[in-house]
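The sequence and the structure come before the text.

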Amino acid sequence: MSVGLVGRTLFPLSALASIALAVVAAMSLALPPEHAVLPIGLPDLPMHVRLDALSRIFLLLLGGASAGISVFAAGYFRRGEGTPPGLMCLQYHLFLASMGFILLADDAYAFMVAWETMAISSYFLVTTQHRIPEIRSAGFLYLLIAHVGAISILLTFGVLQGGSWHFTFDAMRAAHLSPAWAAGAFVLAFVGFGAKAGLIPLHVWLPEAHPAAPSPVSALMSGVMLKMAVYGMIRVTFDLLGTPVWWWGLVPLAAGLISAIYGAVFAAVQTDMKRLLAYSSIENLGLAFTGVGLSVVFLGAGMRVPAALALTATLYHCLNHSLMKSLLFLGTGSVLHATGERNLGRLGGLIHRMPWVAWASLVGALAIAGLPPLNGFVSEWLLLQSFLFADRIPHAFVNLLIPMSTALVALAVALAGYVMVKFFGVIFLGQPRESTLAQAHDCGFLERLGLVWLAVGCVALGLAPVQVLGALNHVTRQLTATSLSQQGGPWWLLAPVPTRQVSYGPLVFFLAIALIVALTVFAVRLFYHQRVRRGPAWDCAFGGLTARMQDTAEGFGQPIRNIFQSFFSIERELPTPYDRAPRYRIAITDRIWRGLYEPLGGLVQRVADAIAVLQQGRIAVYLLYSFGTLIVLLALALVP
Amino acid sequence: MNVLEPSISELVTQLLEVVAALAAAPLFLGWVNQCRAWLSNRRAPSIWMPYRNIRKLFDKDAVLAENASPLFRIAPYIVFGTMVVAAAIIPSMGTRLPLVTAADAIALVGLFATARVFLSLAAMDVGTAFGTLGARREMMVGFLAEPALLMVIFGASMISATTALPAISEHLATQSLGIYPSLAFTAIAFTLVLLAENARIPVDNPATHLELTMIHEAMLLEYSARHLALMEWASALRLFNYACIGFALFVPWGIATRTIDPVGLAFSIPVLAAKLAVAGGSLALIETMSAKLRVMRAPEFLATAFLFAVLGLLVHVLLGS
Amino acid sequence: MTHLPFDLQLLNACAALLLLLSFAMLSQRRIVSLVDLLAVQGAVLAAATLLVAWRTGQGHLYFSALLTIALKVVFLPWLLHRLIRRLQVYWDTEPLLNISGTMFVGLVIVVFAFSLAQPITQLASTTMRSAIGIAIAVVLLAFLMMITRRKAMSQVVGFLSMENGLFFGAMSATYGMPMVVELGVALDVLVAMLVLGVFFFQIREQFDSLDLHHLESLKEIE
């Protein structure tokens, strides 16, 4: 199958199918849940599927994001990627289909089959360029942690069935678990889905796998696959476990906040553009899980409206992130194809050569930084509003601690702004740091279409929050039996909690800014002039400005490195005065990798070495093993 | 207050606030400089100097670097626009502002963040050493000042159960006079954030000529003519806005709080002028008494602000005052 | 916010000031400033005692306030300043945890102390019962200061600050301790100071420095 066939027909068709899926999901949000039993599966374990509001909203997310990504991929994939294009197309669509099936699954068997398919197809996609050893090891790490998570999820389902030995979700909903078992199921689900979402400390696969994969695959993984973890968490906690206990929510809350700060801090010191985005994904998923945790705490304490608010914030954040992060990953894909560079230290000034990519990425970067009136701000606003209710929680220590932790949310959001300024500024602004960048060219038509689709989605989600809230209300009504009412306010004003007198109208906001900007431009033109002269950069008249005098990526991250020193383990190579060829090198590694994974890996290695003693290589010994086992079993049969 | 049909007096208040902010911001800056000169036993330029500066800059031809992108050209307008919208949301003269329904205090913090991000991006655009240095430092100060400001607003929001700034202001204006330690702590935190965000001593010296010590000035080095004029005006507006936020939160008396109240509105103008005069004098006093911190100490400074804000919140929850 | 009478507002202000002083001591690097902050803390404590005495009319509290001023504002700081000058120890720049980390832990401790105090507040019957949380917080913060400091002098200041917190707690919960107990505690503190003073000279003679990590070498097993 040639690249042309795949690129010009199959991927655009898949994009159209995604759009259709998203439209159908959106229009059917208000409908009641539908069930079906599929004839596929094992002889008396058929697969059940169910379509309810939660599934529909995530199908909308899947369709919307993958439409843009597929259109981009149509123009992106070329020959020489390492895997034949037809095979890659198959893996891509298998990935998409398995994620869709996860959302539909209504029993543990279907869920796990779809989950495993998702993991394996994404593994093959990550190792597309399998000839490169780093990519192979990144894929291996990804698969390993995905399976650790899958084991945990399997155990969750094992606990949830509560003795009935029926693994359908309906049976799990009806099962009554003792508080200890229910808490155990929650923790197991959190570990399993947290591993997939990349929460600390099970995050190490994310910064390896996302850069290793081709950019549309990274976008799909970061934008859609990570949300499957949030879906799973919400499904287990709010749907299968019934009413959660309030203190369960503290676990995702704390882990989410730690992941948010950790991800943002690490993103700020990266020198590879895709690793930066991967760590930024860890931060955003941390915020999503914070919202889930907060919602559980509120629901367990009987505060329904704040719980609905927090859950809405989480779902909105998932929708936002799927668009924003995909947009940025696709942008980096175009940059990679145009320049061949992933290292931030060799990019720069690309806004002149690649305007479409640059302006679309600007929208994505501003959205992730949480600036009004784009969509990132809306979910942040909703989350902060729900934190404002936290002092009413009727439990002693917690009702003070959670308002304090608002500070961490604010810190994470502010750090996201820092990271995005670094990302956009180092890649697209300034002067080109390498002379080869002068040959960079902008992306093709299909890629532009994909980028524009996602950018328009970001803007639309930012300017029309009331409509999105209306859609999300169906979900929260199903899960928490409450929904946020608008109380007859106008369509352009978001006022989720009328008793609090607080509202946000992004359209008015945006129009006000646009009006004032336009008035200023007009007034300046009227009263003065628009004359412009071009000259060399002023640079305080020092002269001799070269591209090496700008900030490097390491340089831009230096304040964060200083302030948050304890998060990193830093290796420095400093030049001495006697060096013939002085070098300055800084390598930043993850402390968790050093402290947790390397010892763990060493332990596994030692256990394996101890067991490997059994492998003697001599046939006599192996026959002795079989003989010995036979004797032991016969002796046991003798025991009355 | 009907959102869909704001009354005439509400619109007048809104417009008046914007016009007053635009007109008075450079004067406020001139006043602060004047006070600083008095305290250092020097002679300052006239109070009207910032106006003359801005007018002179508008007349000039803009000189842009060859590799300046459209982002560089549009950033001053966006920064200026966000500051003007911020001035429209802050209740400096009256609390019945129609635009406030579209943007509450968190959106206000978001507006400042937008201005900061565009300023930093514009500084990185030309690719000089000083621009990127300034951008990096500005984002460093910003990412710590923004949570501190948010905690200050959060503390005030918890007291008033809303995040809409005029509502907070009204609530606090109706409190009886007394000593409120939590508000005192929050006020100290807010002052520290004000000093950091507006590039005042001890975080940054607005009158420095040494590029390696600059934070805010370094980002404006490549701008000239009308772009520089708009940026300077936006900086003055930012200081004015911060001062008005401080008044709204901590000294809210004198702000017109009833809907149809031309007398109240007329009364609020001299009250605002008096508050600004006192605030400008205090700012100059603080600046004269402090020395500029090393840049790497600025995070500690902001961490102190953060601590004060959180302490204010805690003390309020415990003592109820 | 409910309208409190003026003296209660002043008492709340004193309580808040005590908390602020504890945090300030936690972040101070200069030992001379540390002792000065301790003196200010004693002064605020005396002011609070006077206010409570005036409000409730209990005579022994006036005497207690006088004792506080004499001991904690005048005598002990003077003694400590003399020690500092003779031992030539002025800076304590290497805490166990960096300043921001210590502050963060301090905040969590304050939250914990406040939540601890909420049920106690309901049981007490005094007008100042809301300040019990602050008293517990001051004690715990002083304890934290003792843990994270390296120089012996800072640890002594932490110990005295703990005693201040306890005194404030006793006053807000039960309008002060019986006079006998107060005199006994004051005597204990004085004797402790004298003993510690002698102790410091011995440490300095032995190790040539007042850095407490030298004491770690006093082990049987290496």
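## Packing of H1 and H2 in chain B

Helix H1 (residues 8-39) of chain B packs against helix H2 (residues 49-59) of chain B with the axes 7 Å apart and at an angle of about 120°. Helices here are DSSP runs (H or I) of at least four residues and strands are E runs of at least two, both numbered from the N terminus. Axes are lines fitted to C-alpha atoms, for helices over the stretch in contact, and the angles run from 0 to 180 degrees between N-to-C directions. H1(B) and H2(B) are therefore oblique to each other, oblique being what remains once angles under 35 degrees (roughly parallel), over 145 (roughly antiparallel) and 65 to 115 (roughly perpendicular) are set aside.

H1(B) contributes B:Ala23, B:Ala24, B:Pro26, B:Leu27 and B:Gly30 to the contact, and H2(B) contributes B:Pro50, B:Tyr51 and B:Ile54. Contact means heavy atoms within 4.5 Å. By class, 7 residues in the contact of H1(B) with H2(B) are nonpolar, 1 is polar and none is charged. In this scheme Ala, Val, Leu, Ile, Met, Phe, Trp, Tyr, Cys and Pro are nonpolar, Asp, Glu, Lys and Arg are charged, and the others, Gly among them, are polar.

## Basis of the values

The model is predicted: local features need pLDDT of at least 70 and side-chain atom pairs count only at pLDDT 80 or more, while totals for chains, interfaces and linings use all residues. Residues are numbered from 1 along each chain as its sequence is written, chains are lettered from A and ligands numbered from 1 in the order in which they are written, and side-chain values use heavy atoms, with hydrogens and water left out.

## Chain C and its interface with chain B

Chain C has 7 helices and 0 strands, which gives the pattern α-α-α-α-α-α-α along the sequence. Of its 222 residues, 51% count as buried; buried means under 20% relative accessible area, exposed over 50%, and partly exposed in between (1.4 Å probe, protein chains only). Among the contacts in chain C with a separation of 6 or more, 75% come from residues 24 or more positions apart. Chain C exposes about 10,500 Å², and carbon and sulfur atoms supply 68% of that area. Accessible areas come from the Shrake-Rupley method with a 1.4 Å probe; for residues, only the protein chains shown count as cover.

Between chain B and chain C, 21 residues of chain B are in contact with 21 residues of chain C. The area buried between the two chains is about 2,000 Å², and carbon and sulfur atoms give 77% of it. Buried area is the accessible area (1.4 Å probe) that two parts lose on being put together, summed over both. On the chain B side, B:Ile179, B:Leu318 and B:Leu319 lose the most area to chain C, together 30% of what that side buries.

## Buried positions in chain A

A:Thr312 lies in helix H12 (residues 304-339) of chain A and is buried, with a relative accessible area of 0%. Leaving aside neighbours within four places in sequence, A:Thr312 is in contact with A:Leu382, A:Leu469, A:Leu472, A:Thr476 and A:Leu484. A:Val475, in helix H18 (residues 465-480) of chain A, is buried with a relative accessible area of 0%. Not counting residues up to four places away in sequence, A:Val475 touches A:Ala53, A:Leu54, A:Ile57 and A:Leu315.

A:Tyr231 is in helix H9 (residues 215-240) of chain A and counts as buried at 0% relative accessibility. With residues up to four places away in sequence not counted, A:Tyr231 touches A:Leu54, A:Ser55, A:Phe58, A:Ile102, A:Leu103 and A:Phe111.

## Backbone exceptions

Most peptide bonds are trans, and most residues other than glycine have a negative phi. A cis peptide bond joins A:Pro372 and A:Pro373, with omega about -5°. A:Pro373 lies in the loop between helix H14 (355-368) and helix H15 (375-387) of chain A. Another cis peptide bond joins B:Ile201 and B:Pro202, with omega about 15°.

B:Pro202 is in the loop between helix H7 (181-197) and helix H8 (216-219) of chain B. B:Ala199 is also placed in the loop between H7 and H8 of chain B; its phi is positive, near 60°, and B:Ala199 counts as buried at 8% relative accessibility. A:Cys540 has a positive phi of about 55° although it is not a glycine.
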